[in-house]
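Keep it brisk and define the terms.

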Amino acid sequence: MEDELRCPTCKQLYANPVLLPCFHALCLGCALDIQTPYTQGMALAAVGGSAAGGPNNPAAHNGIHAASNSSAAAAAAAATAAPSVVPTANGPGTRHSSHSSAASTASSATGSESVTSDQDQSDKVSIFSEADSGVVCCSNTSRPVSYAGTAQGLQGLLQGAVVAPPGAAYCLTCPLCRKLVFFDDGGVRNLPTYRAMEAIVDRFCAREALRCQMCETDPKVASLICEQCEIRYCDACRELCHPARGPLAKHTLVKPRGAAQQRESVCGEHEETLSQYCLNCKIPACGQCIGEQRHQAHDVQSINVTCKAQKTELSHNLQQLSEKARSTTEFIQRLKGMSDKVTESCMEFERLVHAQCEALIQAIHDRREYLLEAIRMDKDTKIRILKDQQSNCTGKLQQTTGLIQFCIEALKETDSAAFLQVGSMLINRVANTDMTWHQEVTNAAPRVSPIVDLTLDDAALARAIDNLNFIQMKAVKDGEERCPAAPLTPTILPADCSAENNSVTVAWQPPSHSFVEGYVLELDDGSGGEFREVYCGKETICTVDGLHFNSMYNARVKAFNSAGEGEYSELIGLQTAEVAWFTFDPVLSGGAGSGLIFSKNNATVSVEGWEHRVALGSVGFSRGVHYWEFTIDNYTADTDPAFGVARIDVARNKMLGKDEKSFAMYIDRQRSWFQHNSIHERRVEGGITTGSTIGVLLDLERHTLSFLVNEMPQGSVAFRDLYGVFYPAVSINRGVTLTMHTALDAPKMDYF
């Protein structure tokens with residue numbers, strides 16, 4: 001309630017409050033401070049503020065008639081729980097010369113402490129009705145105050161008119177609603193006293209502010225106040241700080257005044273009690289006022305009846321508002337209870353997470369012991385095998401050493417006949433021993449490797465630990481089973497994404513606090529076209545092969561579970577290589593039964609048989625310009641190796657160009673031909689030898705295939721209208737060894 005008792009201008013408790021026509025209040029001193037002499041330009045300047053405050057303030061319109069008369073009806077009786085702030089020494093009494101008795105008492109408090117409550121601010125919401133508190137709503141006089149202009153003119157002014165009424169000498173703008181009010185020479189002193197506010201402030205000060213101002217801590221209730229010092233004392237502080245001797249003996253100590261005394265409202269013109277209320281003029285009046293001409297034909301009612309009716313209506317409204325406040329209080333208590341439950345639930349959940357993590361750690365410890373035991377068993381097995389092999393070798397060495405020593409002694413025999421008796425046998429025995437020694441000892445190798453032939457594969461477990469997370473449950477109604485919510489958006493990790501050759505690798509981070517059953521990775525077509533799905537699974541990293549070279553691919557990923565799909569991640573762009581790096585692919589070339597021999601990291605190929613065999617490169621091309629070369633490492637036989645491109649399903653046991661799936665140039669020592677689907681044509685002179693270089697230029701922008709021999713074009717364009725996916729290819733037979741060179745810049749051909 002204390003906010004309602006503070007002046008909007010000085011922010012202190014109201015001192016001698018006056019009521020504006022818009023039913024807002026001001027201290028009389030503050031009103032005097034902000035009123036200004038009227039000039040013609042001031043009304044124009046105030047139009048914006050007046051118009052802004054009008055529509056949203058019904059009281060400013062409903063109180064127009066009351067504003068044009070001497071008093072305005074106002075009834076307010078609401079109180080909250082005990083307010084927590086006490087007016088200080090620089091209160092209303094120190095600001096204005098005119099103030100109420102209780103306000104004066106409150107303003108004399110120099111250095112008083114605020115009375116605080118232990119309750120939270122959220123608890124200060126209880127409202128109870130004081131509709132029967134005896135609030136008096138009337139003015140000092142029944143005659144109209146001297147606002148300049150008529151009631152109709154004032155109403156037009158409050159609704160935005162800028163023409164001042166005749167006789168306007170002062171004006172004032174309400175600091176709350178920005179309404180502009182004009183006055184005659186009397187100024188704001190013509191405003192009616194806000195009697196109800198004055199009484200409420202008095203009661204508030206009497207209830208909250210009468211504390212000793214000299215207590216250092218926990219101020220006690222003041223028992224006396226010095227009229228000269230204007231300081232309140234408790235009994236202990238009075239004896240200590242204001243003894244009744246010396247100069248202070250002449251000071252007058254009185255008991256602090258409490259609430260304002262009940263005052264009887266009288267007519268300022270006739271000095272009679274205000275007993276009637278004019279419903280048309282909305283002002284109280286005495287009996288003589290009612291008899292005058294200005295109230296003839298007006299509806300008049302007893303002031304007590306009118307006051308009781310308005311109090312009853314206010315009480316009813318307060319009761320409804322109090323019910324809302326009470327329900328809000330209960331809601332706040334529920335929130336507090338939920339806070340306690342949140343704390344308890346989180347503590348229990350922390351305990352469960354701790355227990356689960358400890359169980360996982362224990363499982364890792366157990367698995368570690370199992371793996372270490374496997375290593376120890378492997379060590380024991382290898383050591384046993386090595387000891388057995390060592391024992392066998394030692395026995396063989398002992399037998400051989402004995403034979404050698406026996407033979408040496410036999411060689412010392414001087415009797416030829418005696419030596420010849422065993423010489424042949426010794427020669428055969430030594431020869432056999434030497435042969436078995438070469439087989440069993442010299443070429444023998446350790447039966448086991450000293451290196452542990454094991455690798456700890458922890459990648460899957462590390463990813464699982466990284467993916468260990470909470471499951472976000474979607475909210476459901478009471479009684480329904482809770483289900484996992486749709487997952488949040490994964491986050492692509494640019495540092496872990498890469499593009500190599502014609503493949504891209506995309507890595508992403510699982511969404512936090514989401515249950516994920518899988519991911520969907522999508523790529524566009526490399527030209528900003530529509531997206532297509534390229535992966536669906538549980539992994540958080542994926543490599544996509546077989547893309548176009550020199551293309552920018554945009555990738556995005558989303559997560560899904562049984563509840564639905566999440567949002568797509570942000571896009572990431574990955575640029576494939578401008579030139580291709582590749583080798584021969586043994587698998588695409590037919591595997592182990594093809595007869596092809598690959599070496600130098602699959603860059604070199606040869607074959608043992610006389611039949612032609614096709615070797616394919618490891619990448620396929622569908623667009624762009626690509627160039628690669630073959631070096632003839634060996635060419636001794638009169639054979640015709642073929643170079644060119646082929647589709648993935650080419651016949652691998654025929655010369656390249658013999659079927660419709662391949663396009664080739666075959667060449668010998670003297671000349672070459674272009675061949676496709678067993679049709680060979682356009683013989684070109686110039687052959688190959690060991691050390692020659694064959695270049696293949698595949699231009700899928702022009703859809704052509706050309707060949708070069710030793711960096712010179714071998715004829716014109718060999719083939720045109722090539723559409724689809726093509727793999728680098730060669731066909732060779734016995735006597736030819738080739739090495740492929742890739743990632744080369746395409747040469748400029750001047751015949752295009």
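## About the model

This is a predicted model: local features need pLDDT of at least 70, side-chain atom pairs count only at pLDDT 80 or more, and totals for chains, interfaces and linings use all residues. Residues are numbered from 1 along each chain as its sequence is written, and side-chain values use heavy atoms, with hydrogens and water left out.

Helices (H or I, at least four residues) and strands (E, at least two) are DSSP runs, numbered from the N terminus. Accessible areas come from the Shrake-Rupley method with a 1.4 Å probe, and for residues only the protein chains shown count as cover. Buried means under 20% relative accessible area, exposed means over 50%, and partly exposed lies in between (1.4 Å probe, protein chains only).

## The six-stranded sheet

Start with an open sheet of six strands. Its order is β25-β35-β27-β28-β29-β30, and the pairing is antiparallel. Strands β25 (613-616) and β30 (679-685) are the edges, and each pairs on one side only. From one strand to the next, the twist averages 20 degrees. Here axes are lines fitted to C-alpha atoms, for helices over the stretch in contact, and angles run from 0 to 180 degrees between N-to-C directions.

Two strands pair if DSSP finds at least two bridges between them. Strand β27 (residues 642-646) and strand β35 (residues 727-732) run antiparallel and are joined by five bridges. Which residue stands opposite Phe643 in β35? That residue is Val730.

## The three-stranded sheet

Another open sheet has three strands, in the order β12-β11-β13, with antiparallel pairing. Its edge strands are β12 (283-285) and β13 (300-302), each of which pairs on one side only. Neighbouring strands of this sheet are turned by 35 degrees against each other on average, direction ignored.

Strand β11 (residues 276-278) pairs with β12 over three bridges, in the antiparallel sense. Cys278 stands opposite Ile283 in β12. The loop between β11 and β12 holds Lys282. Phi of Lys282 is near 55 degrees, a positive value in a residue other than glycine. Lys282 counts as partly exposed because its relative accessibility is 37%.

## Salt bridges

A salt bridge is a side-chain nitrogen of Lys or Arg within 4 Å of a carboxyl oxygen of Asp or Glu. How many salt bridges does the structure hold? There are 13. One of them joins Glu373 to Arg376, with the closest N and O atoms 2.9 Å apart. Both residues lie in helix α12, three residues apart, about one turn of the helix. Glu373 is partly exposed because its relative accessible area is 37%. Arg376 counts as partly exposed at 37% relative accessibility.

Lys661 and Asp649 also meet in a salt bridge (3.5 Å, N to O). Both residues sit in the loop between β27 and β28 (662-667), 12 residues apart. Lys661 counts as partly exposed, at 25% relative accessibility. Asp649 is partly exposed too, with a relative accessible area of 46%. A further salt bridge links Arg683 and Glu685, whose closest N and O atoms are 3.4 Å apart. Both Arg683 and Glu685 are exposed.

## A nonpolar patch

Patches are made of residues with over 30% relative accessible area and no salt bridge; like charges are joined within 9 Å, nonpolar side chains (Val, Leu, Ile, Met, Phe, Trp, Tyr) within 5 Å. Leu372, Ile375, Val452 and Leu454 make a nonpolar surface patch of about 320 Å². Ile375 lies in helix α12 (residues 303-411). Is Ile375 buried, exposed or partly exposed? Ile375 counts as partly exposed because its relative accessibility is 39%.

## Two more residues

Arg238 lies in helix α10 (residues 235-241). Arg238 counts as buried because its relative accessibility is 18%. Its side chain and that of Glu239 are joined by a polar contact of 2.5 Å. A polar contact is a pair of N or O atoms within 3.5 Å; within protein, one must be able to donate a hydrogen and the other to accept it, and residues adjacent in sequence count only if both atoms are side-chain atoms.

Asp218 lies in the loop between α9 (195-208) and β8 (224-226). Phi of Asp218 is near 50 degrees, a positive value in a residue other than glycine. Asp218 is exposed because its relative accessible area is 66%.
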